[in-house]
Amino acid sequence: MLRRAVIAALAAAAFAALLLFGDNYVLRLATTVAMYVTLASAWNIIGGFAGYPSFATAAFFGLGAYASGIALSNGVALSVAWGTAGLVSASFAVVLGLCILHMRGHYFAIGSLVVPDVLREVTNSWVSVTGGGIGLNLPLIGGSAEIQARLFLVVMSLVASATVLAAWTIARSRLGVALRCIEQNEDAAQVIGIDTSRTKIAAFAISSLFIGIAGAIYASWTIYIDPSDVYDVSLSVKPIIMALLGGVGTVAGPIVGAFAFLGFDELIWRNSLEFHSGFLGLLVVALVLFLPAGLREVRLRDLSHWIYKLRRRVAKP
Amino acid sequence: MTPLLKLENVSRRFGGLLALDHVSVSLGRGEVVGLIGPNGAGKTTFVNVVTGLLRPSSGSIEFDGHRIDGQRPDRISRHGIARTFQIVQPFPRLSVRENVAAAALFAGGAKTQTEATSIADEHLAFCGLLADTNKPAGLLPLAGRKRLELAKGLASKPSLLLLDEVNAGLNPSEIDEALRLIAAIASRGITLLLIEHLMKVVAESCSRLLVLHQGRLIADGPTQNIMKNEDVIEAYLGRRYADMQKGAGI
Amino acid sequence: MLWLQVLVNGLALGGLYACIAAGFSLVWGVLNIINVLHGSLIVLGGYLAFFAHQQLGFNPFLFAPVAGALLFLPGFALQRTVINPVMTRPVLMTLVLTFGLTLFLDNLMLVAFTADYRKINPQPPLGVVEFGGVILPLDRLCATMTGLALVSALWLVLRFTQLGRAIVAVRMDREAASLMGIDVHLIYAIAFGLGTFMAGSAGALLAAIFPISSLSSSSYLGKAFVICVLGGLGSLPGVVLGGFALGIIEAYGALAFGPENALTVSFLLLIVLLAVRPTGLLGRKGFT
């Protein structure tokens, strides 16, 4: 209990310091972290809790970005646009869920994988509404660059917190019990009275609600979006890697994973721009091979034990 | 008085194979009925069709006066039919208590998780699993997992409980224990259908027997009569043995 | 006679497409993993053929099996070392693992070969054949015939050699196969190697017809998915059927919606198929 309070206090202090003293680069990085915390936590609801590894995250993200962008271009107020984006994503998730959530394993994964591609091409072609491949420009918020940077950090962090809170609430609720049962034995879940179809769709919709809002905020933040940007497959894959890294199916896992992954990412990016994705690929392979339960497996106790052993070996003549 | 479960001309095909062949039977409230038959006779298909895991290819199934054929398994379980699996199906990483509480929460109609947990504890006590409440279900030995299946079935608050080979793989003392439990459940007024291979279990627990053979219901009556029934003996042991029995005047 | 031309366009690619998907289907059917790396391996095969042609003058259609052979051992080794430990794990793990491998390989190829599109231009050019007002490019015909030949060879191996029967046995029932003395892990590695062989060959053939680059790996992967779902897993005849079907669908899709949307049409079809009939046109258990 005390440990959690200390962590919370430190986090709050760090956040405040960031807001007060951070330069634009650091603020941008922090906002990206907050965005991925949102995406990873949201993915975890369907991928971790329910055990349905969705590769459609980019679809909801892009859909939210465009829904909001189009609404804003038509004079809708900011918060309404963002909320609408979330609703559009969630509705799409319900429809998509009805099509693919009855499939298991590989088939579901593939089905979800192609959805962002299809949406991207539709967006590309529907030039009159979306601007097609040229992209969409979003109205400016107003205010100096410094204020905007801080504003978006705060907003993105709020959404991230809301997502984590939602995940936490679900984990404790009836829905969470149902999802866990489905994940561990879907047939048995049906037999004890769980409406698996409705439960899965609910999880999918809640997950995509937050992903869509993140996409909408991203669009306003970057001011310009185009289809290959917001429907990019890395938006589907990175949150999964982060959840895996931190621990799939837990509430804290995606948060830890997002921080850890983006930390690595920065490190690699600074040192090798050319081989960036290559190193990421190796990281992913290492992750799956050696840390299947995520960083959770690596406890501080183990770490100090290893260091101790290392020292002893070095000390011996 | 409406029968609790009524099957009328129920058939189920798998491609060319007729796993259930125009089966008609009624179960009354409070009965303890055994369903026996050689391997491959269609006993588990019977259970799967009644509980909604499979749709009947033809025929109708009524539960408490309402048609249930074609409904989804979760709906049927909420109506009040519960079953155990021959190959036990727990939620392996949930604790024993969480397994049973889940059944109480969804099929059993508990309003809150706390209520579900206390209901679960009751059933765990009844089934002799209190010592293992916090153990992950996947780590239980076979006898424990069978009792967990039973506890989950009970927590679903069924009026009809289908037990599919609940004694398979148990040693004699474990079987005696299971029989005691079955008797206790029956005395609570729950209608039971036991699918069994073990004659001893069936003879002791069931007042009535149904016999399936190659998908057809070949016998339906009081236990003692069925055990001596020619067709039944022939189905299990073959024509020659049945003739031998007849010849010996048994 | 536009519809006939379009039909011929589609059919002309069928054998090549079958070759693209055959290895992917084999690995999915036997090891039950979706090898996201497949697309990158195809591209690698293409580059091998391109440089073999550029530096050594090798005919890509003849080089195809060589490209495949060059990739067999790496595939075998990869399965033994990296993929085997993960095979019993949930779907997500193998997907993410092979995705990581693909990121790595794609980046490697990007650095080594740059993103420039490469295409083999045989000298002298193969030209076209004309009949009844329909034009059929000879290079496509050769690619399709070679592709079909390779797929047929694979089918013969699976059907009539001891190795092939062992592979089929493992696919049908892993435990029974091991009880009969089959070294299941060796079979897994060989099957995976065969998968990379087919990918390499397909890449070589592709390079003769289309420009390739490391950026195109995911579109080949996508085609392989669709073909497998169309034709059904676990069936080489199904893969051939799926290959021709995709060729035709893409050809008509290009006609109706424009060539840049051809792949989207196939993806949409994939989703519909997955929802309605995931076993495909000819799919069944076992692998023949």
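This is a predicted model: local features need pLDDT of at least 70, side-chain atom pairs count only at pLDDT 80 or more; totals for chains, interfaces and linings use all residues.
Residues are numbered from 1 along each chain as its sequence is written, with chains lettered from A and ligands numbered from 1 in the order in which they are written.

Biologist: Which element gives the largest share of the side of chain A that touches chain C?

Modeller: Contact means C-beta atoms, placed from the backbone, within 7 Å. By that test 31 residues of chain A meet 30 residues of chain C. Helices are DSSP runs of H or I, at least four residues, and strands are runs of E, at least two, numbered from the N terminus. H4, H5, H12 and H14 of chain A each give two or more residues. The largest share, 11 residues, is from H5(A).

Biologist: Which element gives the most to the side of chain A that touches chain B?

Modeller: Here 15 residues of chain A are in contact with 19 of chain B. Helices H8 (174-184) and H9 (186-191) of chain A give two or more residues. The most, five residues, comes from H8(A).

Biologist: How many bridges join S1(B) to S2(B)?

Modeller: Strands pair if DSSP finds at least two bridges between them. S1(B) and S2(B) run antiparallel, and Val10(B) stands opposite Val23(B). The bridges joining S1(B) to S2(B) number seven.

Biologist: In S4(B), which residue is the bridge partner of Leu7(B)?

Modeller: S1 (residues 5-14) and S4 (residues 58-63) of chain B pair in the antiparallel sense, over five bridges. The partner of Leu7(B) is Ile61(B).

How values were computed:
Two residues are in contact if their C-beta atoms, placed from the backbone, lie within 7 Å.
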